[in-house]
Amino acid sequence: MGEQIKGPLDLEREILTQQWCTSCGACVGICPYIKVVKDKVVIIEACGITEGKCYDFCPRTSTDLAALEQMVFGKPSPDLALGSYISIEMAQAEDSNVRSAGQYGGVVSALSMFAMATGELSSALLTRPFGKAFMPGRDLVSSSPEVLQCARSNYIASPTLAGMNQALKQGTNKIGVVGTPCQVLALRKMQASSFDSSAEKVGLIIGLFCTWALSYREFSQYLKGKVDLALINRLDIPPPPSNILTLTTETTSIEIPLDEIREFIKPTCRICFDMTAEFADISVGMVEGIDDWNTLIIRTEQGEGLIQEAKKAGVIRTEPLEKARLDHLRDASFQKKKRAVAEIVSRTKDEKDLMYLRLKDEDRKKLQPGA
Ligand SMILES: Cc1cc2nc3c(=O)[nH]c(=O)nc-3n(C[C@H](O)[C@H](O)[C@H](O)COP(=O)(O)OP(=O)(O)OC[C@H]3O[C@@H](n4cnc5c(N)ncnc54)[C@H](O)[C@@H]3O)c2cc1C
Ligand code: SF4
Ligand code: SF4
């Protein structure tokens, strides 16, 4: 997918030691030498190869976005801010139990359960948001109760794709994967790679909107003494101007000013170009100010088919998304791209050198500072 495939030593030098690793998990479990130690992805021993899958799959190594657009959508993306899509609506799970178990409208959980019930998926790779000591963990699930155990969001980066690699190695077919935009990008790079990844066996990709994620080690350290980590069952970031993160347990809720935790945001999120998981089949996020609805972006025919079936079966309902909200989403996504490009150019000192991003010239110019 990039210009040049390199090896694990390059991955270590260019990505891991520079803190550009997103903790997506794509390089974990494909060889015996790359592991997750506590919450960090590390190369425990140099294997000596000079061209490796680990480098090729990584969402922070050279990535030709136009080639991925062609592979996934069969055409260039017409929308620089939001990527390719068929429609954008609001949606929520019809079942109020699913809505209350879920982060917002419960659409991700409802669709995961429905796709398994119809046989479109055999299983779903999800992130269990609140694992031991508040650390998110990955779960390959195949039943509705298991899906609901993974509902809600933890804003901590988690190497979920390691679980996918393990499942693919065991020959599992038709897995649905739910992930952040960097995880979706890595998964598409795996599908596009000339290396064998078995990622073509993934049956559906549901992407989550994402502005940033926190590092487990630093954030959990900060929380110690403020709240019992094992009891947290919900995190939320209410829309501006609140500027807080709320943390909820069965008995209490605490508010943390976002300015106090910005230092725990993973450095790589500052160069992240994608807010809405542009390469997913379906992307899902919040609707600012409406707690129990999701914004739903249907991107591929496969995603569209699932949504139509789910509506027909009474699993989800949809409503039009107001134009003002759509404009706001488009602007937020475009601003994230501009911030990423500005951060990258401040490091490379060359507006044509966008590190991992290979962009069309016309798009690159629109995103330059001052454009
Ligand atoms: C790190 C992060 C940042 C986000 N930032 C934004 C944002 O800026 N704007 C916005 O609109 N939405 C954001 N979201 C998405 C939002 O929080 C909801 O996940 C989304 O709207 C789906 O809601 P739902 O009610 O359908 O979720 P649910 O039905 O509750 O499903 C949520 C799914 O999220 C998965 N999940 C939980 N934690 C993680 C994690 N750490 N990594 C990967 N997957 C996870 C679970 O597997 C679960 O299946 C973010 C999510 C994450 C994980
Ligand atoms: S593939 Fe993912 S986990 Fe591995 S180095 Fe790259 S970003 Fe980190
Ligand atoms: S901001 Fe980008 S790099 Fe950071 S977790 Fe979200 S998708 Fe991944």
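This is a predicted model: local features need pLDDT of at least 70, side-chain atom pairs count only at pLDDT 80 or more; totals for chains, interfaces and linings use all residues.
**Close-up 1. Strand 8 beside strand 7.** Here we meet strand 7, made of residues 175–179, which pairs with strand 8 in the parallel sense over five bridges. To find your place, look for Gly 179, which stands opposite Gly 207 of strand 8.

**Close-up 2. Strand 8 beside strand 12.** Strand 12 (residues 282–287) is another parallel partner of strand 8, with three bridges between them. A handy landmark is Ile 206, whose bridge partner in strand 12 is Ile 282.

**Close-up 3. The shell around ligand 1.** There are 33 residues around this ligand, and those that come nearest are Gly 102, Ser 109, Leu 126, Thr 211 and Gly 285. Two or more residues of the shell come from each of helix 5 (107–117), strand 5 (123–128), strand 7 and strand 12. By class, 17 of the shell residues are nonpolar, 15 are polar and one is charged.

**Close-up 4. The shell around ligand 3.** Take a moment to pick out the residues surrounding ligand 3, among them Cys 182, Cys 210, Cys 269 and Cys 272. Thr 22, Trp 212 and Lys 266 are also included in this shell. Sorted by class, the shell has eight nonpolar residues, three polar ones and one charged.

Note on methods
Residues are numbered from 1 along each chain as its sequence is written. Chains are lettered from A and ligands numbered from 1 in the order in which they are written. Two strands pair if DSSP finds at least two bridges between them. Helices (H or I, at least four residues) and strands (E, at least two) are DSSP runs, numbered from the N terminus. A residue is near a molecule or strand if its C-beta atom, placed from the backbone, lies within 6 Å of it. Ala, Val, Leu, Ile, Met, Phe, Trp, Tyr, Cys and Pro count as nonpolar, Asp, Glu, Lys and Arg as charged, and the others, Gly among them, as polar.
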